[in-house]
Amino acid sequence: QPRRHRCWQRCAEVAAMARPCADRLRRSKNFFALVGAVVGLLFALQGALEFAGGLVDLEGMPVDFWQGCRWVAHGLMCIVVGLACFVIEAWTRLTYRWFDPAGAVAARVGLA
């Protein structure tokens, strides 16, 4: 019995030492998720400005078909990818405790 007691005591000591590290790790994850969400929103804003720039003649409207295709594709790509990045970051942070590890892996692969 005394041997088992020492083992549990040692486990409790190790767990107490790991708590501050786990708190720092959790705060770091939240910080980087916030940064990722902000980057996603800024990328979507870049796409919106791509459209607005052509509409208010900051860079000039596309003059031929292929320039128009590039203008539309670039603007839509930035908006869709930026919003998807924001949604995935928010989803992974807000539902972190409630979904399974396979869902977390899928979200990380989606962000990559």
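Residues are classed by relative accessible area as buried under 20%, exposed over 50% and partly exposed in between. On this scale, F31 in the predicted model is partly exposed, because its relative accessible area is 48%. F32 has a relative accessible area of 56% and is therefore exposed.

The aromatic side chains were examined for ring pairing. A pair of aromatic rings is described by the distance of the centres and the angle of the planes. The count comes to 2 aromatic pairs. One of these joins F31 and F32, with 5.2 Å from centre to centre and 70° between the planes, an edge-to-face arrangement. In the pair formed by F65 and W66, the ring centres are 4.9 Å apart and the planes stand at 75°, so this pair is edge-to-face; planes over 60 degrees apart are assigned to that class. With regard to accessibility, F65 counts as exposed because its relative accessibility is 58%. W66, at 65% relative accessibility, likewise counts as exposed.

Nonpolar side chains also contribute to the surface of the model. L34, V38, L42, L45 and L49 together make a nonpolar patch of about 480 Å². Among these residues, L42 is located in helix α1, which comprises residues 2–55. The relative accessibility of L42 is 52%, and this residue therefore counts as exposed, the cut-off for that class being over 50%.

Definitions and conventions. Residues numbered from 1 in each chain as written. Predicted model: local features only at pLDDT ≥ 70, side-chain atom pairs only at ≥ 80, totals over all residues. Heavy atoms only, no water. Patch = residues over 30% accessible without salt bridge, like charges linked within 9 Å, V, L, I, M, F, W, Y side chains within 5 Å. Areas by Shrake-Rupley, 256 points an atom, 1.4 Å probe, with all protein chains shown as cover. Salt bridge = Lys/Arg side-chain N within 4 Å of Asp/Glu carboxyl O. Helix = DSSP H or I, 4+ residues; strand = E, 2+ residues; numbered from the N terminus. Buried < 20%, exposed > 50% of the residue type's maximum accessible area, 1.4 Å probe, protein only. Phe/Tyr/Trp six-rings, centres within 6.5 Å; stacked < 30°, edge-to-face > 60°.
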